Amino acid sequence: MASPSCLASDLLPLLGTTTNATGAAAYLCTQLNTIHNRLSDTTYAVDNTYLLFSAYLVFAMQLGFAMLCAGSVRAKNTMNIMLTNVLDAAAGGLSYYLFGFAFAFGAPSNGFIGRQFFGLRDFPSPDFDYSFFLYQWAFAIAAAGITSGSIAERTQFVAYLIYSFFLTGFVYPIVSHWFWSSDGWASATKPHDLLFGSGVIDFAGSGVVHMVGGVAGLWGALIEGPRIGRFDRSGRSVALRGHSASLVVLGSFLLWFGWYGFNPGSFLTISKAYGESGNYYGQWSAIGRTAVTTTLAGSTAALTTLFGKRLLAGHWVVTDVCNGLLGGFAAITSGCSVVEPWAAIVCGFVAAWVLIGCNKLAEKLEYDDPLEAAQLHGGCGAWGLLFTGLFANQAYVNEVYGGPPGRPYGLIMGGGGKLLAAQIIQILVISGWVTATMGPLFYGLHKLNLLRISDKDEVAGMDLTRHGGFAYVYHDAEDHTHMQGIMLSKVGPTNGSPKTNQNSPSSVV
Amino acid sequence: MATSTCSASQLALLFGPNTTNPTAAADYICAQFSSVSDSFSDTAFAVDSTYLLFSAYLVFSMQLGFAMLCAGSVRAKNTMNIMLTNVLDAATGGLFYYLFGFAFAFGSPSNGFIGHHYFALKSIPSSSYDYSAFLYQWAFAIAAAGITSGSIAERTQFVAYLIYSSFLTGFVYPVVSHWFWATDGWGSAFNTSDLLFGSGVIDFAGSGVVHMVGGIAGLWGALIEGPRIGRFDHLGRSVALRGHSASLVVLGTFLLWFGWYGFNPGSFNKILSPYSSGNYYGQWSAVGRTAVTTTLAGCSAALTTLFGKRILSGHWNVTDVCNGLLGGFAAITSGCSVVEPWAAIICGFVAAIVLISCNKLAEKLKFDDPLEAAQLHGGCGAWGIIFTALFATKKYVNEVYPGKPDRPYGLFMGGGGKLLAAHVIQILVIIGWVSATMGTLFFVLHKLKLLRISAEDEMAGMDLTRHGGFAYIYRDDDDDDDEAQRNGIKLRKIEPAGVTPPTTN
Amino acid sequence: MATSTCSASQLALLFGPNTTNPTAAADYICAQFSSVSDSFSDTAFAVDSTYLLFSAYLVFSMQLGFAMLCAGSVRAKNTMNIMLTNVLDAATGGLFYYLFGFAFAFGSPSNGFIGHHYFALKSIPSSSYDYSAFLYQWAFAIAAAGITSGSIAERTQFVAYLIYSSFLTGFVYPVVSHWFWATDGWGSAFNTSDLLFGSGVIDFAGSGVVHMVGGIAGLWGALIEGPRIGRFDHLGRSVALRGHSASLVVLGTFLLWFGWYGFNPGSFNKILSPYSSGNYYGQWSAVGRTAVTTTLAGCSAALTTLFGKRILSGHWNVTDVCNGLLGGFAAITSGCSVVEPWAAIICGFVAAIVLISCNKLAEKLKFDDPLEAAQLHGGCGAWGIIFTALFATKKYVNEVYPGKPDRPYGLFMGGGGKLLAAHVIQILVIIGWVSATMGTLFFVLHKLKLLRISAEDEMAGMDLTRHGGFAYIYRDDDDDDDEAQRNGIKLRKIEPAGVTPPTTN
């Protein structure tokens with residue numbers, strides 16, 4: 001709180017010969033100090049309210065991921081992918097509580113890894129309250145959720161449990177320590193010794209969250225190889241369409257909804273004046289601006305994808321539009337707080353093309369990612385980091401990150417190349433770190449035959465073989481036996497299941 | 001929320017010359033107070049922004065609600081199409097409302113007809129509008145377009161959709177919202193100089209501005225396109241073309257209900273605004289009351305529809321109950337902040353009856369609206385506007401629209417007919433304006449053959465012909481097993497349908 | 001939140017006669033202080049109302065969660081039915097809780113058994129309750145009814161549903177909440193005079209008041225109706241009747257999780273309430289801690305269920321994990337605000353085991369509850385109440401329930417057995433009261449043949465016989481093609497089923 005506290009000794013000489021000057025001064029100052037305390041209480045209450053509800057919104061993204069993933073895989077693997085999403089949140093909760101948060105934000109520490117607050121010991125502290133933990137937990141599980149999409153439909157459940165625990169508990173917290181903790185080596189909030197005099201501006205985590213999830217997914221999917229049937233024997237790509245576009249749209253909208261917690265929420269506090277107190281412009285405006293840039297980037301990316309895909313594929317495809325939308329969000333996440341709204345439109349426009357390009361490339365390389373997670377979160381996330389290095393606005397950088405004046409800002413805005421250099425370092429370091437940790441993990445699992453399920457399981461669907469049955473039973477078989485059901489379903493069509501032409505050339509994703 | 005300012009010179013006089021340094025003492029004390037006052041101003045901005053932003057997020061979640069409601073209410077073969085339109089509503093709306101929609105709507109100072117400041121958010125934030133206000137209004141704008149998309153579902157070309165949606169969000173809706181919500185709109189109750197009938201229109205959260213605009217636009221679209229193939233048989237009897245998933249309908253309805261708590265109570269924009277400082281009763285109570293009236297109107301409409309439909313059709317029908325519920329919400333939207341909770345129950349009761357009657361009428365006139373959007377948002381919206389003019393209470397009107405004492409209020413509450421007159425004007429003007437703009441647009445699109453899809457496309461479903469495939473694949477056939485697939489398709493043709501009982505409503 | 005009042009006379013004395021006009025100076029300064037104090041009071045109301053309202057919206061979203069969870073957990077042929085009941089829970093709940101439920105629950109001053117003020121929100125807002133408090137409590141009330149609807153799903157007449165739902169929301173639940181939550185309830189920890197065992201019951205967000213009430217009511221309903229046809233075969237072996245959509249189950253579970261952040265942390269009602277003013281630690285930290293304990297309990301319950309079920313049934317089962325998760329939440333609901341995060345992990349761990357055991361027991365006793373609601377909310381709810389009495393920490397109890405020093409706290413934390421005694425009493429009383437009221441009601445409905453549907457209806461599915469058709473139509477056939485339809489129905493009878501592998505759990 002900005003208000004200087006009232007000192008009786010300051011006031012005393014001024015009142016001077018008043019009958020009981022000491023008494024009067026003490027009286028007045030007691031009153032005023034009470035007020036300052038109450039103002040501080042109010043600020044805490046408002047900021048915590050803001051942060052908690054933002055955390056709840058970010059948590060809603062987990063539901064969005066679950067629905068998006070469920071809709072994007074085939075019906076026979078729905079239970080499997082949804083279970084992984086539920087467990088992301090659950091396993092993430094325990095591991096982030098026990099040590100993840102400590103690795104990430106356990107200051108004071110070194111630049112590489114934190115080491116306080118294990119199991120929320122000595123919590124809350126003046127720096128961190130429980131709401132902050134909750135918020136960061138919601139972020140951590142998002143990273144794991146991204147990766148689960150890349151390796152969907154062909155991964156053993158045990159492998160899933162192992163990598164998810166490792167990612168949420170170790171790999172991700174360390175990256176977030178580097179770039180977000182006040183003593184991370186590349187953090188922009190470090191009090192001194194900033195990387196290139198600037199530090200990395202990854203406001204809500206295009207790199208820390210999205211690229212980490214995306215690169216991890218990339219290695220997982222690469223090592224596992226494509227799903228059976230994804231590329232035919234002549235190497236042509238065959239789209240394996242998800243089973244429900246409704247769930248995809250539901251998931252995308254929920255992610256959009258949750259992103260309003262992800263990006264604007266990353267300010268952590270709302271009750272903070274910029275410069276002179278008592279002005280209509282303050283952190284609350286910056287938060288609103290962040291919500292606006294987020295919206296515009298996503299909207300632009302969706303429209304770009306719509307028309308781009310119409311030109312390329314000849315269809316108006318809703319799932320592609322949803323992915324484009326999410327690509328725009330993943331890209332703006334880094335710079336959302338420090339760019340002008342018009343720049344967000346540029347960001348979204350390019351993000352859509354980055355995604356389309358990455359998808360083309362993936363197809364060429366016979367890389368199979370059921371949710372395009374590596375392309376979307378990795379590719380668009382990397383673009384988002386560069387974008388911030390190019391378009392960060394001087395005034396906003398100084399307002400949002402404070403500290404010494406004269407911070408470097410976006411290259412195109414005239415701020416020189418230092419920020420861009422830091423951002424490029426970030427991309428390289430994240431790629432390197434995730435590759436060095438998650439790559440060997442997936443490779444080890446692969447060697448131990450723990451990674452990929454058997455061909456038989458894959459063809460039958462994991463729900464049937466591992467999860468006790470299909471996700472959907474639209475028609476009720478009262479007393480028919482199992483054998484009949486299965487046998488007949490092989491030879492004849494079941495009632496009420498529309499046959500779609502899955503090989504229609506239109507469905508090339 | 002300004003604490004009364006502390007005047008150092010005045011205080012210095014009171015201390016008088018005997019105090020050692022009266023000026024400095026007074027300065028010191030007053031500096032403290034002014035710092036406190038600044039902190040309050042910061043806090044107020046922070047609290048109000050928090051409130052408005054989260055309300056905007058809730059309103060945005062209505063777009064998800066619309067998407068799910070629409071998806072569930074159409075047949076499976078058009079699901080991708082309608083969901084795409086809902087996603088694009090939000091996306092195109094975002095761009096157009098940013099570029100000029102917000103400027104048309106709230107760009108004051110301007111004339112009474114249209115605003116002309118803040119294009120592309122230039123000079124935002126200002127002391128009157130912050131970014132959060134833009135976000136909130138954007139979420140409203142896309143809701144209006146979402147309503148219309150329901151009316152013309154299952155038979156409209158995608159290009160037509162893109163054109164009308166941009167036009168509605170970017171021009172038609174912003175102009176209407178300027179009239180009734182901007183401080184210099186000709187019909188606005190916030191107008192500082194020249195109130196319509198000394199009252200202005202009390203359309204608090206937009207029964208008229210949002211719902212009627214969307215509904216009337218949908219009415220024209222659906223009228224000009226004509227009914228879907230098979231909606232009325234050759235004898236002219238109505239045949240229900242049921243939506244493919246009641247689960248999605250219920251999901252959508254609940255999400256809309258959830259979002260409506262941003263729509264109605266959020267329309268206060270601020271929550272930290274005492275009616276008399278230091279009292280437990282203030283705008284926060286009014287916000288709570290608005291949430292309560294909204295809830296009660298929806299609840300009573302849902303129950304009325306439940307029993308009404310049971311009597312009329314013999315079934316307990318969940319999709320009808322959902323529509324009734326939404327009708328109640330659309331109706332209370334106008335008066336939610338200025339009526340007593342008991343009046344909200346009446347509002348919902350009548351809204352349900354209005355909706356049932358509109359649906360009967362639509363059937364008679366062979367008007368086909370897959371989501372009943374014109375009936376629901378147009379009909380119940382219009383009732384809501386009338387309702388406000390009948391039941392607005394004096395106390396609440398003066399609290400919610402302060403600044404001018406002795407405003408006219410509800411006719412039944414003893415406030416005279418001026419408010420009612422203003423509201424009738426609003427209904428007529430909205431119908432006129434939307435018909436003149438959207439009616440013309442749809443007609444031109446129709447003449448250019450850009451509006452309706454071909455009969456073949458309609459029979460096959462737009463998802464297959466335009467959107468690259470069906471929305472659902474519940475049966476997994478091994479994708480390499482081509483023979484089975486061909487078989488499957490062959491057999492599907494000769495196989496009889498699943499259990500789809502003919503419905504009578 | 002009163003700033004200590006400024007006494008002008010006292011200050012004037014301090015200034016003394018040397019000051020030119022001590023009285024005026026003192027008055028002036030004190031007027032400033034009192035205006036500041038008023039602003040504080042306004043701010044506090046605004047912040048707390050914002051907090052409570054958004055929490056209420058979150059709790060309301062649980063209703064959507066229940067609807068989706070229930071819809072996914074029943075067979076497709078009863079989906080419309082169960083979703084309708086969920087919509088109506090909210091709607092009838094809204095009316096009845098408005099008319100008298102809230103009055104029964106919180107209408108103080110009253111006796112310890114039942115409240116009798118604020119019927120139809122008369123004299124609301126008052127200094128103790130604002131509209132937002134009503135809205136929040138309404139969202140709780142409908143949750144209780146939602147729980148019960150799961151237990152009796154797929155075989156209950158719709159009329160029975162309407163009757164019990166009104167009775168539960170309007171009377172049974174409000175009375176229980178009066179006992180344990182109102183300031184003059186006999187078992188309430190807020191009771192100012194006469195605390196039960198000098199402690200009162202610490203059922204912070206309602207493991208007992210909400211979950212056990214709903215669960216026990218469901219238990220009686222399901223017991224009296226008997227199991228669904230086909231749930232136990234002629235040898236008495238259990239046959240799982242799987243729900244039709246795991247996606248909806250997961251959707252519902254996540255929405256409940258989302259909403260639980262309103263349910264538990266929101267139960268503080270206020271967030272702007274310092275424990276010692278000017279410190280970083282205050283009620284806002286307690287609110288955050290509550291969210292953390294809630295999360296951890298659910299997480300550990302989910303993981304325990306995952307591995308437990310893997311060992312028992314050999315499958316990684318997502319619907320079981322979802323139920324385990326919810327069991328953890330139901331258990332932590334009672335103690336969420338007064339336990340350490342590590343204790344929450346224990347709570348969740350045991351809750352999962354309790355749920356698994358209850359399910360085993362239910363199977364043994366041929367008790368059929370389609371959603372495991374009685375086991376989950378009744379069993380885990382009861383465990384949660386015990387858990388609180390064992391693990392409540394001294395510091396948190398005194399912070400959260402201030403006003404009386406040296407309250408008893410958790411047995412394992414060294415606080416003695418008084419709290420445990422009070423909690424055992426709570427469990428017994430809730431079981432007794434709900435059995436006496438809801439048990440009787442269900443029995444009477446049973447005797448009047450209003451409870452269970454006919455066997456034919458049950459085989460065909462209620463959607464077809466009562467609600468006008470199935471919830472899903474994924475295949476589009478032209479509905480006017482009557483011949484094909486009749487064929488379809490005929491053929492369906494003789495056609496074999498789709499792929500429904502028998503499950504073993």
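**A buried glutamine, a buried serine and an interface**

C:Gln137 is buried, at a relative accessible area of 11%. Buried means under 20% relative accessible area, exposed over 50%, and partly exposed in between, with a 1.4 Å probe and protein chains only. This is a predicted model: local features need pLDDT of at least 70, side-chain atom pairs count only at pLDDT 80 or more, and totals for chains, interfaces and linings use all residues. Residues are numbered from 1 along each chain as its sequence is written, chains are lettered from A in the order in which they are written, and side-chain values use heavy atoms, with hydrogens and water left out.

C:Gln137 sits in helix H4 of chain C, residues 131-151. Helices are DSSP runs of H or I with at least four residues, numbered from the N terminus. Leaving out residues up to four places away in sequence, C:Gln137 touches C:Tyr97, C:Phe102, C:Phe106, C:Tyr173 and C:Trp181. Contact here means heavy atoms within 4.5 Å. C:Pro174 is 37 residues from C:Gln137 in sequence, and their C-alpha atoms are 9.4 Å apart.

Now to a loop of chain C. C:Ser337 lies between helix H9 (318-335) and helix H10 (341-364). C:Ser337 is buried too, with a relative accessible area of 0%. Beyond four places in sequence, C:Ser337 touches C:Phe204, C:Phe268, C:Arg289, C:Thr290, C:Tyr396 and C:Val400.

Next, the interface of chain B and chain C. Here 91 residues of chain B contact 87 residues of chain C. The size of an interface is often given as the accessible area lost when the parts come together. Chains B and C bury about 7,700 Å² between them, 72% of it on carbon and sulfur atoms. That area is the accessible area (1.4 Å probe) lost on putting the two parts together, summed over both.

Seven residue pairs, both at pLDDT 80 or more, are in polar contact. Helices H1 (8-15), H2 (22-73), H7 (246-263), H8 (283-313), H9 (318-335) and H10 (341-364) of chain B each supply at least two residues of the side that touches chain C. H8(B) gives the largest share of that side, 15 residues.

A polar contact is a pair of N or O atoms within 3.5 Å; within protein, one must be able to donate a hydrogen and the other to accept it, and residues adjacent in sequence count only if both atoms are side-chain atoms.
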